[in-house]
Amino acid sequence: MAHDLLLLVPEIAVLLTAVVVLVCEMLRRPRAALSVTVAGLALAALSAIPLLGVESTAFSGTFRVDALSTWACLILLPATALSALLARAELAGEEGEGTVYSLLCFTALGALILAGSGDLMLLVLGVLLSSLGSFALVAHRDDDRATEAAMKYFVFGSVSGGVMIFGVSYWVGATGSTLLAALGGVTGAPPAAALGLVAVVVGLGYKAAVVPFHFWAPDAYDGAPVSVAGFLSVVPKIGAILALAQVVRDLPVGLGWPLVIAAISVLTMTYGNLAALVQRNVVRLLAYSSVAQSGYFLLGVAATGGPLARPSLVVFATAYAAMNLGAFAVVLRTGRDLDAFTGLGRSRPATGAAMVIFLLSLVGIPPLAGFAGKFLLFGAALASHLLWLAIAAILNSVLSLAVYLRIVVPMYRTPDSAPTGRAPNPLASGVWGIALAVTVGLGAAVQLILGRVGP
Amino acid sequence: MTAALIAALVTGAALFGVGLYGALSQTNLVMIMMGVELILAGALVNLAAFWRFLHPGAYAGQMFVLIVMTVMALEMAVGFGVATARFRAKGSVEMEEAGELKG
Amino acid sequence: MNPIVPAVLGPLAAAVAIPLLRRAPAAPALLGAIVALAAGGALAVGIAHGTRAELLLPGLPGLPLRLIATPLTALLSLVVAGVGTLVLIYAVGYMKGDPERVRFFATMSFFIAAMQALVLAGDWISLLAAWELIGLSSYLLIGFWHARPGVGAAALRAFLYTRSADLGLYTAAFLFIAHTGTGVLPSAPLSGPAATLAGLLLLLAAMGKSAQTPLQDWLQRAMAGPTPVSALLHSATLVAAGAILLIRAEPLLTPGARLAVGVVGGVTTVVAGLIALGERDLKRLLAASTSSQYGLMLVAVGAGAPLAALLHLIAHAAIKSSLFLGAGVFQHARGGTGFARLRGAGRAHPRVFLGFTVAGLALAGVPPLSGFFTKDAVIAAALAGRHAPLLAPLALAGTLLTGAYVARALRLLWRGAGEEHRVPGLGWMGAGFAGLAVAAAGLGAAVGPIAAWAGGPLPVASGAGVFGLAAAFAGLALGWFVPGARLLGPLRRAAEGGFALAGGLDFWVARPALALARGCDRLEQALYAGVLGIGRLGLTLARSVRRGDERGIDGLIFALARGARTLGSRARALQTGLVHRELALAAAGAAVLLAALAVGLAGFR
């Protein structure tokens, strides 16, 4: 029991942080709430470092402590802290500012549970926890757009979640256990196995914004505060992708899941890139781009079992968290409309350069972090004999260039009118500064990470 | 497989079908939430039946039932929260009046 | 210190420093290029003393990033840095007064750094990375004047063409790494069909970058960029990357792949030569000529003489960059590079014209200029190679066409008169230009030593010199004596010129050539239309995806849903919230998935 608790120290730390933050909010101390959030999440992330290299399970196999879940702590908790700082930059002084920090922590906890789930019940709880927090975060502003976004998100989320629970009930019937490790037994009942697989794809696919379960994402991001949109595009998504990797790890290959995941992957990245091509609202554009990036993530999931699958997922998750949060931080300062970006590269060269680097990294231009991640993902797909999938992904990264250049090109054009961007905010600048350091540095540090992930 | 199990599974599937149809066809947020409840009820019936007729020794099935009940309760609480906020902002919880965000 | 570090880091540091300092952007750029040049020299000296510099960086597991200096790579590094330095000197004058100098010099420095990384790359992954970087920076440079009409499209086309072809390099690199288990360059050759496949994939990548038929279109349109950019792109960098790749990978090519390389090169040299002959814009003529000359290099690689290709590449780097720099002076003097404007521009600037002529004659292969020796080597390689009956005539035809279009350009610049503008910054431009023109003239003397140093005998074939000279002079005479107006007339409108009456030479040589050129042009247009069509298809798809929620697939599903609901509330049947349609789509997606799985499982059992 004590040993089990030790393995769960990061998650427990996040839970305590969330509760303390809530108390701070009750005492009307939003600044203290922010400090507690950042410090608590940092401590939680630090406490995950001793777990590197541990391959174990806690509480009768229901929670897995492995490379995926530990790295999820190391990636998602700093990302959550950065999101909290962004939220401070955007929402300081608003009603219920402290609740936002608390909800960020709860949602992150849900994502961590997803990433380490070794049991169907934890899977359900993880989806639930990260969804409920997200709904409330989207609705934070309480206005027409925010509540509309939250309502759509809620409807989509609750229906998908319900479908997932219903579907996995057949897995329980087929194996007599709720442990993922027992999933090898589903071969005895193919219809039940197929139903459960589809249901899990629906539930986790919704969380990860995978086509065709992504419809909520652009609306929710658009209605939510920008900082929340950045958070939603990173933390719950990565949690769900890692959960999917945990599920398929134990699923018999004969069920055909690699093909299912690969097909969805191609569909997702193509649809995301195409839809992003015609957006004029940068937040919606980034929303569709994050849909497309989910497609790249699925390459690593489809290759589960191969030697490169886990390292590629971890490296790409790190890269994606940094570059996407950075891009949202710049959007926070600049504005949602594409026109607001005209001339940004001239009026604020540093911000402009950072944005260019984030976007190029999202395309996958070397030597930035995105390249390292995508390269490993392509390699993982190739190692699992999914050459066509890798080629589709490479073609898509060609296509995605057009998407991101739509933001880059006007940035270096002379604006027709005076720039209307908001006043500089040291917090937002700090956030994109950190994200920039990771985006640029990860390419060089990738060896370091790989050495610690293991196959 | 016993006839009782089949009957229970058919009941569960029927609940799921009605619930999904409701969630897809209703335009009022509260009605959609009822549809979701029915979907979850279908899952509950399934889980209980599997435990009772196939794996009576596995307590995990019962645990799962409890978890699903928690999910139902929490989802309803948050759903009503969202509905209240929406009602305050717009004066209705009709989904068809929510078409501002699109494209 | 390892000289490889400053070779790459020098220009890179300049690229970083320029936007930070913002003042006097040319100085750090020049400094960076000179550092790279000095480092290249140090590498070469080191190799002469028998030490091979190597730099290992941590990369992927088991695949460290590696930069190496071999005789070949050190030489190329020297060429890149040298041409880069001279072009930058020229650009100080050319860009005088441009408000975007900071961006220009920063990107140029970055470009040179990326190219240095490419030529020094010692493994597939660094090669891939550098390859991507030069593609990106060339996109930025071609689109430098993005506010002007058509420039953005030109830059995008350049990027699309080269990037689609890059797929070949990616796949080839994966093939090599997967089969040999290591990324080290040069890799061990593969065996079996995979080897030929890999060779063809490399050829595809090289065709994109080196603008070989049928992918040559982007290069001419890339003339939209500033002239120093064209000079650098065409001589030692972007376009050279394709040829360099093939020269470095030559030992890996199977006989079949070699034949393909030679044929592609030979066809390009003729087709692009014809296009150059039909051009009405000096910069576009030079661009077509670049494709044609790289075609000759590919012929040499295909004939199994990469050394000849390398020599021609080096000589061409000096020649073509000086031609472009000269054209840039004329451009400033006349406000454009269309033939109509340039009439007699050479007479007004005799010194520039002298340099331009020297470089042009070197390109045509007139002794004792550099191009004579290297072209001789290429023709000798074609004659001595395995597929001589196929490749040698193509190489000779390319030489003939080179002479013809060079003479045509020279004649045009010499005859006639036009309105002159004052040219600012001529001093800097002249300095860079003169340096390159001297190199273009004198590099011939270095051919022997370079060949000996790079460690291979030059191909020899009896009669190569005679054939080459004959072709070059015939071409020059043809280009000079067949009047430009007659060559041009039918291009505008066949009926307008007195073309059919011009007599034997015109009828037998010029007309078929022009018809062919027109045909090529049309082929190109068709290809372009195809590419455009694909682009349009993409856009249409994107639009329909956006509307997919309201119409399309959704319409079908919605129609079904409506049918079911008419029984219930007829009043509301026409309006539902968006979420419903979306949910219905999601449910349909899940159903399709389930059906696919069910079919799959049933099939497997």
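Modeller: Let us begin with a term: two residues are in contact if their C-beta atoms, placed from the backbone, lie within 7 Å. In chain B, residues 24 or more positions apart account for 52% of the contacts with a separation of 6 or more. Please keep in mind that this is a predicted model, in which local features need pLDDT of at least 70 and side-chain atom pairs count only at pLDDT 80 or more, while totals for chains, interfaces and linings use all residues. Residues are numbered from 1 along each chain as its sequence is written, and chains are lettered from A and ligands numbered from 1 in the order in which they are written.

Colleague: Which elements of chain B touch chain A?

Modeller: The contact takes 36 residues from chain B and 36 residues from chain A. On the side of chain B, the elements that give two or more residues are helices H1 (3-25), H2 (29-54) and H3 (59-90) of chain B, and H3(B) provides the largest share, 16 residues. By class (Ala, Val, Leu, Ile, Met, Phe, Trp, Tyr, Cys and Pro count as nonpolar, Asp, Glu, Lys and Arg as charged, and the others, Gly among them, as polar), this side of chain B divides into 26 nonpolar, six polar and four charged residues.

Colleague: Why is Val282(A) called buried?

Modeller: A residue is buried if 20 or more other C-beta atoms lie within 10 Å of its own, exposed if 12 or fewer, and partly exposed in between. Val282(A) has 24 other C-beta atoms within 10 Å, and therefore it is buried. Val282(A) lies in helix H12 (residues 282-302) of chain A, and, leaving aside neighbours within four places in sequence, its contacts include Val331(A), Leu338(A) and Ile407(A).

Colleague: How do you know that H16(C) is largely enclosed by the rest of the structure?

Modeller: The answer comes from counting, because 11 of the 15 residues of H16(C) are buried. Among these buried residues are Val352(C), Phe353(C) and Leu361(C), and what covers them includes helix H13 (306-334) and helix H21 (464-481) of chain C.

Colleague: What span is expected for H16(C), and what does it reach?

Modeller: The expected span of a helix is 1.5 Å times one less than its number of residues. H16(C), covering residues 350-364, has 15 residues and reaches 20 Å from its first C-alpha to its last, which is close to the 21 Å expected. H16(C) is followed by Gly365(C), whose phi is positive, near 95 degrees.

Colleague: Why are H13(C) and H20(C) called oblique to each other?

Modeller: Angles under 35 degrees count as roughly parallel, over 145 as roughly antiparallel, 65 to 115 as roughly perpendicular and the rest as oblique. H13(C) and helix H20 (residues 447-454) of chain C pack at an angle of about 135 degrees, with their axes 11 Å apart, and they are therefore oblique. Here axes are lines fitted to C-alpha atoms, for helices over the stretch in contact, and angles run from 0 to 180 degrees between N-to-C directions. In this packing, Leu307(C), Leu310(C) and Leu311(C) in H13(C) meet Val447(C), Ile450(C), Ala451(C) and Ala454(C) in H20(C), and the residues of the contact divide into seven nonpolar, no polar and no charged.

Methods:
Helices (H or I, at least four residues) and strands (E, at least two) are DSSP runs, numbered from the N terminus.
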